Structure formats: structure tokens, C-alpha cells
Amino acid sequence: MSGEIRPVIVGAGPAGIRAAQALAAAGLRPVVVDEAAKGGGQIYRRQPDGFTRDAKTLYGTEAAKAEALHRTIDGLAIDHRPQTLVWNIEAGALDLLRDGQAERLPYSRLILATGATDRILPIPGWTLPGAYSLGAAQVALKYQGCGIGRRVAFIGTGPLLPLVASQYLKAGAEVAAVLDTARQADKLAALPGLLRGPATMAKGLRLLAALRAGGVKLRHGARPLRILGTERVEGLVWHDGEREQRIDCDAVAFGYGLRSETQLADLAGCRFRFDPLNRAWLPERDAAGRSSVAGVYLAGDGAGIAGADAAELAGERAALALLEDLGRPVDRARAAHLEGKLAAIGRFRQGLERAFPFPAGWAAQAPDSLVICRCEEVSAGTLRATATRWGTPELNRLKALCRVGMGRCQGRMCGTAAAEILAAHRGVPIEAVGRLRGQAPVKPIPIAIEAAPEEAA
């Protein structure tokens with residue numbers, strides 16, 4: 001590099017797109033790296049070439065927002081690198097994998113807009129064909145126009161649960177039931193907080209009304225017990241607070257909210273803190289999106305779950321912080337406005353968490369035979385026995401002793417559940433067992449990739 005300002009953005013979802021837009025408006029040409037073929041992120045994921053479904057079918061009430069973001073990134077004068085995996089950060093550069101080739105991309109400033117994935121809490125039978133996370137079920141419908149089954153049961157908690165169920169109902173699938181682990185009392189107690197976001201709350205109520213109008217069974221306070229089947233899903237057994245119930249279905253979609261993708265922030269050297277609202281360790285950031293590492297900024301759900309609207313605001317705010325740190329003039333009134341809007345969404349987010357609380361009893365109820373880490377076939381019983389034998393106080397030590405989180409997902413799917421099992425077994429708060437540290441590669445890469453040049457062209 002020859003002194004050129006080279007801001008890099010990882011992620012082309014709502015946060016990354018708005019960050020790129022703000023930097024481009026200031027005369028910079030950021031590099032935007034994303035795994036998807038087209039910008040939009042998970043929530044506004046675009047269908048493959050040759051598919052012709054209209055935006056209303058794909059995104060429902062969010063169609064206008066989706067199309068606006070798509071037009072924005074498609075029209076920006078940026079260096080957009082789709083279908084590119086960032087698998088490591090080291091020495092001021094990103095290690096990339098693109099078309100089977102390794103690349104190395106140095107940066108002067110870095111905005112991480114890495115998004116989120118499903119928070120997985122396994123139940124017996126979750127490894128059967130036909131059992132999907134809520135996010136995976138949505139990807140199948142949104143990206144490929146197909147469902148995960150003909151008769152689908154949805155279970156878990158969080159705003160995504162009724163959303164994906166209603167999308168399946170609209171697509172013509174039979175929704176066997178929507179079983180929320182949150183109680184009706186949780187929703188009522190959360191009303192004061194939810195009323196801080198009346199438009200979002202109204203959308204949620206409309207989704208529930210559509211499900212009821214479609215004859216879908218809606219239940220609160222449900223506890224999933226096991227997914228039935230031999231070669232694939234055949235049913236779901238759950239507890240309604242009084243007795244066991246069975247639902248016949250050929251697919252199950254489950255999830256318990258979202259978890260932030262923080263591995264790259266970890267590899268960039270960001271300092272973490274435990275966030276009780278997200279029940280997770282998150283990279284520290286200030287109100288503008290600055291991390292603890294100079295020149296590294298955080299935006300969107302990858303730094304804390306707040307939703308697509310907040311991600312757009314946070315992406316723009318992080319870009320303004322970057323420009324300000326470069327000595328560029330910024331609209332301070334706009335920056336203050338963005339921070340105010342984000343703070344308001346944060347207060348509404350507290351109401352959402354009260355309405356959809358984490359099922360705190362899950363770990364104690366998980367049987368020893370339950371597979372937690374499917375990559376390494378580590379069960380809940382193995383985790384408990386290992387912790388007992390070695391007096392294991394911390395999650396990374398547990399990983400070293402029994403290989404939980406050492407598989408293809410690097411703990412992205414099993415890390416949350418393993419931490420919950422360890423904390424419950426030791427009788428300590430979840431924050432006391434720590435977090436799985438980020439390791440490169442954060443996602444699988446071929447062993448035989450060519451060595452990366454010093455700098456990507």
C-alpha cells in the first residue's frame with residue numbers, strides 16, 4: 001500500500017451497506033467483503049439469478065426497506081467483493097478465501113458488521129433430517145423458495161418464531177403449531193417496554209393475528225421434550241405445563257433468539273465484556289461504534305442484537321466515527337440523532353427480552369445422552385463428567401479436555417449450549433464460565449488453498 005486510505009467493511013447487510021454509503025458520500029472507496037453473492041444480509045437476502053419472485057413475496061411488509069438497501073449497494077462506487085470469506089484477522093490485514101484462492105487484504109480502518117446466527121439449544125432428536133434452526137428454515141424459503149417440510153412445527157422463543165411461521169403459512173405450508181417457551185405472563189410484564197416501539201409491536205401483533213386466522217395452534221409456556229423419528233422427523237413431543245403433548249409433523253424449526261457473530265472482533269483484538277441483556281460476551285464499543293482497538297469499529301447485530309433498523313443506524317454512525325477519526329468533517333447533529341435513535345431502540349430491546357426470556361431451566365433439564373456438539377459428538381453427559389473429573393471452571397479448558405467446539409462450526413452452534421451446561425453443573429452464573437475464544441479459521445477452509453500474497457489486488 002502507498003498511504004492510500006483503505007477502509008474495509010466486513011458484511012453487506014443493513015449495517016455494512018449504510019456504512020459503505022456514508023463513506024462513499026465522503027469521497028472514500030471502501031472495500032466491502034461479504035460471503036453472499038449479493039448485498040442485503042440475512043434479513044434481506046436476495047434470491048439467486050433466474051428466480052423471479054417479487055419483493056413483497058420475499059420480504060412482506062419489509063419489501064420497501066429491502067429494495068432500498070439493494071438499490072443502495074448496487075449503485076455505490078465501492079470495491080464490493082461478494083462470495084468472499086474472511087477467515088482470519090492478523091497484523092492489520094484480513095485473510096480471505098475467494099473462488100478457492102487465498103488473499104490477504106490490509107486495511108487502514110475496519111468496520112465489522114458481521115451479523116448474527118441462531119442461538120441453538122439442542123433437544124433430543126435435533127440431529128434428525130428435517131430439524132432446522134429458525135434461521136435455516138427462513139433461508140430455505142427466502143433464498144430457494146422451498147420449505148423444510150409440508151407440515152412444520154415451530155418451537156422456541158423470540159420475534160423470529162412467529163415471523164418465520166407466518167412466512168411458511170403464507171407460502172402454503174401447513175404450520176402444525178407455534179410453541180413459545182415464553183409465558184403469556186412474560187408478554188404482559190413486558191408491555192411497558194414494548195410500547196416504546198409501537199410500530200414494531202404492531203407488526204408482531206399482526207403476525208400473531210395472521211397465524212390465528214390461519215387456524216394455527218399458538219401456545220405459550222411450552223417446553224420442548226424431544227423430536228421423534230428414525231430416519232427423519234416424524235413428530236414433536238412437548239410439555240404444556242400439565243402434561244406431555246405430541247404433534248405429528250415432518251419438520252421442526254426451532255431457535256431461541258439470535259447470537260452475535262463475534263469471532264472476527266476477537267481476532268482483531270477487541271476487548272469483551274459480559275452483556276446481561278444478550279446473555280453473552282460481546283466486544284466493547286462506545287455509542288459511536290468504536291471498539292477498544294483503534295481503527296476498528298463495530299456495527300449491527302454482530303456487536304449486540306438489536307434488529308435491522310438499528311443495524312442501518314449503527315452502520316452509518318460507525319462510518320461517521322471513522323471519518324471523524326480521520327479528521328474529516330462530519331455532521332455532528334446527524335451523529336447525535338443516530339445515537340438517540342439507537343438508544344431508543346435499545347430501550348425497546350429491553351422490553352423484547354422481557355417478553356421472550358431465555359429458558360433458564362434448559363441446561364438442568366438436558367439429559368446426559370443429549371448431543372451438544374454434533375461435529376465432535378460430545379454429549380451433555382460428557383461435558384458434566386469432564387467438568388466433574390477435572391474440576392473444570394472455564395469453557396476453553398472444557399473445550400481442551402473433551403473437544404466441544406473444535407469441529408467445523410468452531411463453537412458457533414454449540415458454544416452457547418456448552419456454556420449453559422457448564423454453568424448449571426457448577427452452579428454459577430453463566431458469565432462465570434467465560435466464552436470460547438475466537439480461533440482461525442472461523443469457518444472451514446480447504447487445507448490445500450494456495451498461500452496468500454502479501455496484498456489482495
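Reader: Which residues line the second largest cavity?

Author: This is a predicted model. The second largest cavity has a volume of about 50 Å³. Its lining is made of Leu 112, Thr 114, Glu 261, Thr 262, Gln 263, Leu 264, Ala 265, Pro 283, Leu 298, Gly 302 and Ala 303.

Reader: Which element gives the most to the lining of the second largest cavity, and how many residues?

Author: By class, this lining has six nonpolar, four polar and one charged residues. The top contributor is a helix, H8, which spans 263–267. The count for H8 is three residues.

Reader: How many cavities of 30 Å³ or more does a search of the whole structure find?

Author: The second largest cavity, at about 50 Å³, is already described. The largest cavity has a volume of about 510 Å³. The search of the whole structure at 30 Å³ or more gives two cavities.

Reader: Which residues lie nearest the centre of the largest cavity?

Author: The lining of the largest cavity counts 32 residues. They divide into twelve nonpolar, eleven polar and nine charged. Nearest the centre are Arg 259, Ala 280, Trp 281, Thr 416 and Arg 435.

Reader: Which element supplies the largest share of the lining of the largest cavity?

Author: Elements with two or more residues in this lining are strand S17 (258–260), helix H8, S18, S19, helix H13 (395–402) and helix H14 (415–426). The largest share is four residues. The element that supplies it is H14.

Reader: Between which domains does the largest cavity lie?

Author: The domain assignment of the protein chain gives domain 1 (7–117 + 259–329), domain 2 (121–255) and domain 3 (362–433). Two of these give residues to the lining of the largest cavity, so the cavity lies between them: domain 1 and domain 3.

Reader: What distance separates the centres of domain 2 and domain 3?

Author: These two domains are in contact: seven residues of domain 2 meet nine residues of domain 3. Taken over C-alpha atoms, their centres are separated by 26 Å.

Reader: What is the bridge partner of Phe 274 in S19?

Author: Strand S18 covers residues 272–275 and strand S19 covers residues 280–283. The two run antiparallel and are joined by four bridges. In S19, Phe 274 is bridged to Trp 281.

Reader: Which residue in the hairpin of S18 and S19 takes a positive phi?

Author: Four residues sit between the strands of this hairpin. The positive phi is near 50 degrees. The residue is Arg 279.

Reader: Which element gives the largest share of the lining of the second largest pocket?

Author: This pocket has a volume of about 580 Å³. Its lining has 32 residues, and Arg 285, Ala 306, Leu 342, Ala 343 and Gly 346 lie nearest the centre. S18, S19, helix H9 (308–325) and helix H10 (332–355) each supply at least two residues. The largest share is eight residues, from H10.

Reader: How many residues of the lining of the second largest pocket are charged?

Author: The lining is divided by class.

Reader: Which strands stand at the edges of the open sheet of five strands?

Author: The order is S3-S2-S1-S7-S20, with parallel pairing. An edge strand has a single partner strand, so one side of it is left without a neighbour in the sheet. The edge strands are S3 (79–81) and S20 (296–298).

Reader: What is the bridge partner of Arg 98 in S6?

Author: A three-stranded open sheet has the order S4-S5-S6, with antiparallel pairing. Strand S5 (residues 93–98) and S6 pair over six bridges. In S6, the bridge partner of Arg 98 is Gln 101.

Terms used:
Residues are numbered from 1 along each chain as its sequence is written. This is a predicted model: local features need pLDDT of at least 70, side-chain atom pairs count only at pLDDT 80 or more; totals for chains, interfaces and linings use all residues. Side-chain values use heavy atoms; hydrogens and water are left out. Two strands pair if DSSP finds at least two bridges between them. On a 1 Å grid over the protein atoms alone, a cavity is a set of points where a 1.4 Å probe fits but cannot get out, and a pocket is an open set with protein on both sides within 12 Å along at least five of seven lines; lining residues have an atom within 4 Å of a point. Grid points are joined across faces, edges and corners, and a volume is the space filled by probe spheres set on the points. Ala, Val, Leu, Ile, Met, Phe, Trp, Tyr, Cys and Pro count as nonpolar, Asp, Glu, Lys and Arg as charged, and the others, Gly among them, as polar. Domain bounds come from an automatic or database domain assignment. Contact means heavy atoms within 4.5 Å.
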